[in-house]
Every structure is written in structure tokens, then in C-alpha cells.
Amino acid sequence: MADTLSPVHPLHAWREAFAALPDSLEITAEPLVAAMDLRLGRAAVEAVTDVLGAAVPTVPNTWVATPTGRIIWLGPDEWLVHSDAHTPTELESRLRGIVAPAGGAAVDVSAQRTGLRLAGPLVRELLALGCSLDLHPSVFPPGACAQTTVGQVGVVLAAARADTDDAFHLLVRPSFAGHLAAWLLDAAIEFTPEEQQ
């Protein structure tokens with residue numbers, strides 16, 4: 001009988017180092033989820049609401065939560081859809097059946113990005129060391145998102161919603177995930193008390 005391979009998270013080896021960070025910073029590798037690149041015209045925007053459980057955001061550089069994940073605005077007719085309740089095949093099939101007749105597309109990109117969650121009272125200061133965006137809450141509030149770089153790595157950066165502390169979701173290509181993790185841990189040394197270094 002052939003062995004069944006299960007996917008290993010690209011940041012699995014970094015979990016122990018993330019756990020050793022000071023209380024003021026928290027980095028967590030997010031679980032692997034189904035992800036779709038969704039392209040559709042205005043005619044199909046409302047049609048996908050029932051499947052996703054939320055309307056796609058139409059305001060540039062914003063994202064919305066759904067009952068099973070999130071929808072991130074990437075461009076005037078492009079969104080990134082995450083779901084932890086569907087397999088990639090299921091989600092792609094359901095979305096494609098709705099948007100294809102209207103000239104849209106739903107493409108599985110589940111292996112394209114790895115997620116990280118950064119939180120804590122010093123998270124904006126940490127990100128400011130390697131990100132050129134103004135991340136002040138008045139400029140980049142909860143629900144904001146942008147395609148940018150952190151530590152010279154291309155990411156999708158999203159300010160989390162409804163957290164007591166500041167929190168961000170970073171989506172990075174798996175091949176750069178280790179480099180980004182190393183950069184974040186190195187930058188976090190500045191905020192680590194000497195007795196923990």
C-alpha cells in the first residue's frame with residue numbers, strides 16, 4: 001500500500017522560535033486553507049455573496065471576514081478568497097459555477113501563499129522596521145490591506161479586525177516564508193529583554 005503524504009506547513013520548523021518571543025509580540029503560523037483568486041465583473045459581484053457568506057469588498061485596500069475565512073481586495077476586479085471550511089476543489093467548483101457564466105474566473109491558489117498572524121502592543125513598531133507603509137491606526141485601521149514588502153519580501157498585509165491588541169495577517173509565498181520568519185525574529189530582538197536573548 002502506498003504511503004499517503006500530508007502537507008507540512010512551510011513554517012513548521014519556526015513554531016518553537018515564534019513561541020519564545022516576548023509577551024509584547026506574538027507570531028503564529030496560520031493553518032493552511034483553501035484560497036481562490038476570484039476575477040469577476042460587476043454583474044457577478046452579488047452572485048457570489050451567497051456562496052461566500054459576505055459581499056466582496058469594493059473599497060480598494062480593504063478586506064472582509066466571512067463565516068469561514070476572508071475576502072481580500074486585490075484590484076478593481078480581483079479578490080483573494082480564503083476558506084477553512086472547504087477543500088480547494090470544492091471552493092473552486094462552487095465559485096467557478098457562479099462566475100464563469102458571467103465571464104469571471106475562480107482559480108485555486110491554495111499553494112501560492114502561507115499565512116502568518118502577528119499581534120501584540122509592539123507589532124506596528126516591528127513591522128515599521130521593514131515596511132515602508134504608514135501603519136498608524138488612523139491610516140491603516142482594522143480592515144485595511146495592501147500588497148507591500150516586509151523585510152524586502154513581497155506580502156499581502158491585512159490589519160486584523162476585532163482584536164484587543166493590534167494584529168496583522170501576512171500572506172507570503174511559501175518559498176519566501178522562511179526568509180520572512182528569520183527577518184521577523186531578527187527584528188524582534190530589538191524588543192526582547194536582555195535576559196531572554
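Which elements each supply at least two residues of the lining of the largest cavity? I found α3 (49-52), β4 and β5. Helices here are DSSP runs of H or I with at least four residues, strands are runs of E with at least two, and both are numbered from the N terminus.

**Ground rules.** I noted that this is a predicted model, where local features need pLDDT of at least 70, side-chain atom pairs count only at pLDDT 80 or more, and totals for chains, interfaces and linings use all residues. Residues are numbered from 1 along each chain as its sequence is written, and side-chain values use heavy atoms, with hydrogens and water left out.

**Entry 1: cavities.** I looked up the search method. It uses a 1 Å grid over the protein atoms alone; a cavity is a set of points where a 1.4 Å probe fits but cannot get out, and lining residues have an atom within 4 Å of a point. Grid points are joined across faces, edges and corners, and a volume is the space filled by probe spheres set on the points. The structure holds two cavities of 30 Å³ or more. The largest cavity has about 60 Å³. Its lining includes V51, L52, R70, H82 and L91. Strand β5 gives the largest share of that lining, three residues.

**Entry 2: the largest pocket.** A pocket is an open set of points with protein on both sides within 12 Å along at least five of seven lines. The largest pocket has about 280 Å³ of space. I counted 18 lining residues, and E30, P31, V33, R70 and H82 lie nearest the centre. Strands β4, β5 (78-83), β7 (114-119) and β10 (167-172) each supply at least two residues of this lining. R70 and H82 also line the largest cavity.

**Entry 3: P67.** Where is P67 placed? I found P67 in the loop between β3 (63-66) and β4 (69-75). P67 is exposed, with a relative accessible area of 69%. Exposed means over 50%, buried under 20%, and partly exposed in between (1.4 Å probe, protein chains only). Leaving aside neighbours within four places in sequence, P67 is in contact with L52 and G53. Contact means heavy atoms within 4.5 Å. I also checked A85, 18 residues from P67 along the chain: their C-alpha atoms are separated by 9.0 Å.

**Entry 4: the open sheet.** Five strands make an open sheet, ordered β3-β4-β5-β2-β6, with antiparallel pairing. Which strands stand at the edges? They are β3 and β6 (105-108); each has a single partner strand, so one side of each is left without a neighbour in the sheet. Two strands pair if DSSP finds at least two bridges between them. Four bridges join β2 (residues 34-39) to β6. M36 stands opposite D108 in β6.

Entry 5: Strand β8 (residues 145-150) pairs with β9 over six bridges, in the antiparallel sense. C145 stands opposite A158 in β9. Two residues lie between the strands of this hairpin, and G151 takes a positive phi near 60°. Five bridges join β9 to β10, again antiparallel. V155 stands opposite V172 in β10. Is β9 mostly covered or mostly open? Strand β9 (residues 153-159) is mostly covered, with six of its seven residues buried.

**Entry 6: helix α6.** I tested the length of α6 (residues 174-188). The expected span is 1.5 Å times one less than the number of residues. For the 15 residues of α6 that gives 21 Å, and the end C-alpha atoms are 21 Å apart, which agrees. The buried residues of α6 include A177, L180, W183 and L184.
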